[in-house]
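Work through the exercises below with the model open. Each task is followed by its solution.

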Amino acid sequence: QVQLVESGGGLVQAGGSLMLSCAASRSIRDFKTMRWYRQAPGKQRELVAALSQGTISNYADSVKGRFTISRDTAKNTVNLQMSSLKPEDTAVYYCNAVRELLGIVRDYWGQGTQVTVSS
């Protein structure tokens with residue numbers, strides 16, 4: 001069973017920065033794609049950033065130029081560096097990992113970490 005544990009959330013003022021980390025219980029090289037999602041109160045969960053095959057990154061339009069997704073294979077973590085934070089970035093942020101093995105695709109989720117941006 002794969003475990004993902006997020007950390008790094010907290011309270012920050014608008015314009016500030018935070019870095020979220022997602023630690024995996026196995027090598028992140030085993031995952032086809034790793035993503036960060038977020039869910040604000042009363043809203044649907046939305047994709048924030050994705051990293052495929054370790055090198056191909058994609059971002060939601062709302063965070064382009066402000067957020068950067070990366071991975072550290074030595075620490076088995078995927079990180080989300082968030083800058084120029086806005087109150088609308090307030091949400092619970094979730095790490096997601098997709099593993100494909102012998103044609104079977106499995107999704108794994110972390111428990112989430114709260115990010116609150118004050119105005």
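**Exercise 1.** Leaving aside neighbours within four places in sequence, list the residues with which Gly16 is in contact, then place Gly16 in the fold and classify its burial.

Solution. Contact means heavy atoms within 4.5 Å. With neighbours within four places in sequence left aside, Gly16 touches Met82, Ser83, Ser84 and Leu85 by this criterion. Gly16 sits in the loop between strand 2 (10–13) and strand 3; strands (E, at least two residues) are DSSP runs, numbered from the N terminus. Its relative accessibility is 19%, so Gly16 counts as buried (under 20% relative accessible area, with a 1.4 Å probe and protein chains only).

The model is predicted: local features need pLDDT of at least 70, side-chain atom pairs count only at pLDDT 80 or more, and totals for chains, interfaces and linings use all residues. Residues are numbered from 1 along each chain as its sequence is written, and side-chain values use heavy atoms, with hydrogens and water left out.

**Exercise 2.** What separates the C-alpha atoms of Gly16 and Gln114?

Solution. The two residues are 98 apart along the chain, and their C-alpha atoms are separated by 15 Å.

**Exercise 3.** Find the disulfide, give its handedness and state which strands are tied together.

Solution. Search for cysteine sulfur atoms within 2.5 Å of each other. The count is 1 disulfide: Cys22 is joined to Cys95, S to S 2.1 Å. The angle about the S-S bond is -80°, and the link is left-handed. Cys22 belongs to strand 3 (residues 18–24) and Cys95 to strand 9 (residues 91–101), so the pair ties together parts 73 residues apart in sequence. Cys22 is buried at 0% relative accessibility, and Cys95 is buried at 0%.

Note on methods: Helix = DSSP H or I, 4+ residues; strand = E, 2+ residues; numbered from the N terminus. Buried < 20%, exposed > 50% of the residue type's maximum accessible area, 1.4 Å probe, protein only.
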